[in-house]
Amino acid sequence: MPPYEDYKTAADRQNAIEQILRQHRHNPDALIEVLHSAQEVYGHLSRELLGHLAEQLKLPPSLVYGVASFYHAFRLEPRGQHHCTVCTGTSCHIKGGTALLAELERRFGISCGETAPDGSFSLDSVRCLGVCDLAPLAVLDDAIISAETIAALADRVCQCLAEKNSTGKSP
Amino acid sequence: MTRDELREKFRCAREARTTAGLRISVCLGSPCVATGAETVLRALRESYGDLAVEVIGTGCMGPCSRGPVVRIEDRSGGSAAYYEKATPTTARAAVRAHLKGHDTSQGRLPADLPFMIRQQRVVLANSGICDPESLASTLENNGYAALLQVMEKMAPEEVCREISGSGLRGRGGAGYPTGTKWELVRTANSRRKYVVANGDEGDPGAFMDRTLMESDPHRLLEGMAIAAYAVGASQGFIYVRGEYPLAARRLRQAISEATRAGLLGRHILESGFSFTIRLRIGAGAFVCGEETALMASIMGRRGQPVIRPPYPAQRGLWAQSTLINNVETFGCIAPIINQGAGWFRSIGVPGSSGTKVFSISGDVATVGVMEVPLGTPLRELVAMAGGVSNGSFKAAQTGGASGGCIPASHLDTPMDYESLTSLGSIMGSGGLIIMNDQRCMPDMARFFMRFCQDESCGKCVPCRAGTEQAAQLLHRITSGDATEDDLAKLEELCRFMHDASLCGLGMAAPTPVLGTLRWFRDEYEAHLRAGGCPAGVCDRERKPCHL
């Protein structure tokens with residue numbers, strides 16, 4: 001599926017969802033695959049979307065919501081225009097990843113898992129990306145950012161974000 | 001592809017090996033890609049992509065923190081030169097120096113670097129050698145030779161016997177004998193059977209399975225196909241952690257290429273044996289590494305474990321007999337078939353045969369992936385990684401959130417299943433985190449407990465409530481607000497969680513606490529007094545409770 005910015009109209013998105021369901025032959029066992037793809041189309045999984053998928057897969061809405069809310073990868077709320085994920089795996093933790101998250105929470109005034117009120121930025125954490133050689137690290141949109149010290153790393157995140165905002169480029 | 005065509009390919013590959021010219025390999029593992037390996041590869045292809053110089057992208061070569069890594073070698077033999085932190089400019093300069101016979105030492109890793117030369121690569125034999133995005137490259141390196149041999153010469157029960165004879169034990173953590181598991185599924189009375197590869201490598205600090213899936217996906221497919229042949233399955237699943245998009249992409253490509261070549265799918269190598277593999281992408285739940293939770297997730301449900309027995313071999317996916325092995329376990333299968341059970345058993349130590357891939361990270365000079373015989377002392381592994389950085393060795397964490405730690409007094413511990421268990425730790429999947437003397441052990445315990453609290457599926461009370469209470473007690477300890485009584489409560493709670501939780505996650509959640517208490521009780525006690533943390537970590541970084 002193309003990423004969600006590529007869909008121009010609501011009808012395009014609906015068509016994409018129908019295509020996903022057909023690909024999986026409306027098989028209820030493919031729920032997680034369907035949710036992954038649907039999230040790519042819409043950016044997040046709204047209540048309405050989950051309800052629609054439940055109906056199409058002939059599953060109880062409670063079960064679909066239960067699965068969507070169980071897994072960390074599924075977002076029930078829209079993300080910010082730019083998104084930062086801080087790795088808090090073991091290697092990152094001992095090298096200050098947890099302190100980095102606290103620092104970014106302080107600088108942006110939002111907690112981990114939240115989106116800024118204007119929708120411009122959201123912050124999240126992940127337990128190990130498996131690239132421990134770069135620890136500590138953060139991922140801004142799709143780019144890995146790494147630095148020697150926590151302060152320098154937080155500065156780099158802010159700097160990259162400012163660059164992105166000034167060029168007006170979406171993630 | 002017919003069997004004769006496959007044999008012909010192996011023969012051509014043997015002849016091609018004697019061709020003259022340089023081969024340049026650029027590591028395309030995800031750490032190297034993150035530091036710019038693709039740009040290096042593109043630049044080298046543009047400059048030297050002709051017949052005399054072969055330029056290929058390969059899987060992981062090992063020393064990830066020195067990436068992007070480039071290897072330059074003579075195709076007709078001779079030693080390989082490794083270059084670290086390559087950029088288009090430095091890589092081009094190195095190739096030029098090789099072509100013109102100039103000084104090639106700039107940016108070159110020492111030829112006797114322990115990290116490289118002391119490894120024994122069995123599972124990762126083709127990682128960093130073959131192009132993971134090309135079946136042809138895999139076939140050149142003997143890929144699928146074991147599948148061919150099994151289908152031509154061995155009956156299913158002989159395959160199971162061979163695997164049992166090799167002494168191979170599950171590489172996912174528990175160390176259950178693989179041959180026994182295969183035999184259970186083979187003899188199970190089930191309408192259909194499934195083979196599942198567990199690639200949900202969720203332990204923080206573990207990246208061995210990612211390395212294998214990214215570097216040599218066909219090795220996994222071949223191992224699974226042999227397993228399917230041995231147990232009588234016709235459908236397989238690979239469950240890949242959602243955080244590993246590159247591994248998923250390469251596996252998807254490998255599956256479709258192998259299917260087109262008749263090495264997977266219907267009538268494999270023109271026989272009556274059919275086996276198809278589907279990829280399932282995880283959605284970020286650590287508990288899905290537990291086999292019953294993993295099966296629930298494959299079937300599109302919440303990843304909540306159920307009580308065993310019945311084991312998956314008796315009643316697994318869709319109530320059918322199911323074989324679940326770790327990715328690395330499947331990676332051991334082809335070498336065992338190719339070189340024999342006796343050869344495999346001769347590597348390692350009694351009770352723990354073969355090699356093990358470790359991902360070593362934390363306070364070491366070189367972070368990366370290394371494969372050594374089981375039973376290699378921890379001291380040797382640390383030395384191979386270039387020693388401890390910024391201080392002296394304090395402890396090594398093995399087995400991730402379910403494991404314990406090994407203190408400096410036990411640095412000579414052989415890394416095998418039994419030795420680690422006797423120290424209150426576990427082998428686990430192979431993540432190894434080295435800590436120097438500036439690290440705080442109660443802080444580590446708190447970190448792992450918070451991790452388990454996040455990842456608890458919520459089904460059983462001892463784990464759901466226990467991890468929360470234990471994390472709060474540990475937070476009080478590291479904040480300097482705890483009393484002797486809190487410490488006693490923590491220990492009692494840990495024992496209770498271990499005894500009463502439903503699945504491995506809850507049972508093992510207290511292990512990091514009990515492990516650090518066993519070897520570093522003095523640090524816990526120091527936190528109870530004013531002035532707190534001996535390492536200075538907890539005073540320096542007053543963390544909010546939720547982190």
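**Strands, helices and contacts in the predicted model**

Analyst: In this predicted model, Ala197(B) stands opposite Ile238(B) in β6(B).

User: In which sense do β5(B) and β6(B) pair, and over how many bridges?

Analyst: The residue pair Ala197(B) and Ile238(B) belongs to this strand pairing. Strand β5 covers residues 193-199 of chain B, and strand β6 covers residues 235-240 of chain B. The two strands pair in the parallel sense, over six bridges.

User: Which residue of β8(B) stands opposite Asn198(B)?

Analyst: β5(B) also pairs with strand β8 (residues 321-326) of chain B, in the parallel sense and over six bridges. Within that pairing, the residue opposite Asn198(B) is Asn326(B).

User: Turning to chain A, what is the order of the strands in its open sheet?

Analyst: The secondary structure of chain A comes to seven helices and four strands. From the N terminus on, its elements run α-α-α-α-β-α-α-β-β-β-α. Four strands form an open sheet with mixed pairing, and their order is β2-β1-β3-β4.

User: Why is one side of β2(A) and of β4(A) left without a neighbour in the sheet?

Analyst: β2 (121-126) and β4 of chain A each have a single partner strand. One side of each is therefore left without a neighbour in the sheet, because both stand at the edges.

User: Which residue is the bridge partner of Cys87(A) in β2(A)?

Analyst: β1(A) and β2(A) run parallel and are joined by six bridges. In β2(A), the bridge partner of Cys87(A) is Val126(A).

User: What angle does the direction of α7(A) make with that of β3(A)?

Analyst: α6(A) packs on the sheet and touches β1, β2 and β3 of chain A, with its direction at about 150 degrees to that of β1(A). Helix α7 (residues 150-167) of chain A packs on the sheet as well, touching β1, β2, β3 and β4 of chain A. The direction of α7(A) makes with that of β3(A) an angle of about 10 degrees.

User: Which residue of β3(A) is the bridge partner of Thr85(A)?

Analyst: Strand β1 (residues 82-87) of chain A pairs with β3(A) in the antiparallel sense, over three bridges. Both faces of β3(A) are covered: Leu137(A) and Val139(A) are buried on one side, and Ala138(A) and Leu140(A) on the other. The bridge partner of Thr85(A) in β3(A) is Val139(A).

User: Which residue in the turn between β3(A) and β4(A) has a positive phi?

Analyst: β3(A) and strand β4 (residues 143-146) of chain A run antiparallel and are joined by four bridges. Leu137(A) stands opposite Ser146(A) in β4(A). The two strands form a hairpin with two residues between them, and the residue in the turn with a positive phi, of about 50 degrees, is Asp141(A).

User: How do the residues on the side of chain A that touches chain B divide by class?

Analyst: 33 residues of chain A are in contact with 37 residues of chain B. On the chain A side, α2 (31-42), α4 (61-70), α5 (90-94) and α6 (97-108) each supply at least two residues. The residues of this side divide into 21 nonpolar, nine polar and three charged.

User: Are α18(B) and α19(B) roughly parallel or roughly antiparallel?

Analyst: Helix α18 (residues 441-455) of chain B packs against helix α19 (residues 461-479) of chain B with the axes 9 Å apart. The crossing is left-handed. The angle between the helices is about 155 degrees, and the cut-off for this class is over 145. α18(B) and α19(B) are therefore roughly antiparallel.

User: Is Ala535(B) buried or exposed?

Analyst: Ala535(B) lies in the loop between α22 (511-528) and α23 (537-540) of chain B. Leaving aside neighbours within four places in sequence, Ala535(B) is in contact with Gln438(B), Arg439(B) and Cys440(B). A residue needs 20 or more C-beta neighbours within 10 Å to be called buried. Because Ala535(B) has 21 C-beta neighbours inside 10 Å, this residue counts as buried.

Note on methods: Residues are numbered from 1 along each chain as its sequence is written. Chains are lettered from A and ligands numbered from 1 in the order in which they are written. This is a predicted model: local features need pLDDT of at least 70, side-chain atom pairs count only at pLDDT 80 or more; totals for chains, interfaces and linings use all residues. A residue is buried if 20 or more other C-beta atoms lie within 10 Å of its own, exposed if 12 or fewer, and partly exposed in between; C-beta atoms are placed from the backbone. Two strands pair if DSSP finds at least two bridges between them. Two residues are in contact if their C-beta atoms, placed from the backbone, lie within 7 Å. Ala, Val, Leu, Ile, Met, Phe, Trp, Tyr, Cys and Pro count as nonpolar, Asp, Glu, Lys and Arg as charged, and the others, Gly among them, as polar. Axes are lines fitted to C-alpha atoms, for helices over the stretch in contact, and angles run from 0 to 180 degrees between N-to-C directions. Angles under 35 degrees count as roughly parallel, over 145 as roughly antiparallel, 65 to 115 as roughly perpendicular and the rest as oblique. A crossing is left-handed if the near helix is turned anticlockwise from the far one by less than a right angle, and right-handed if clockwise.
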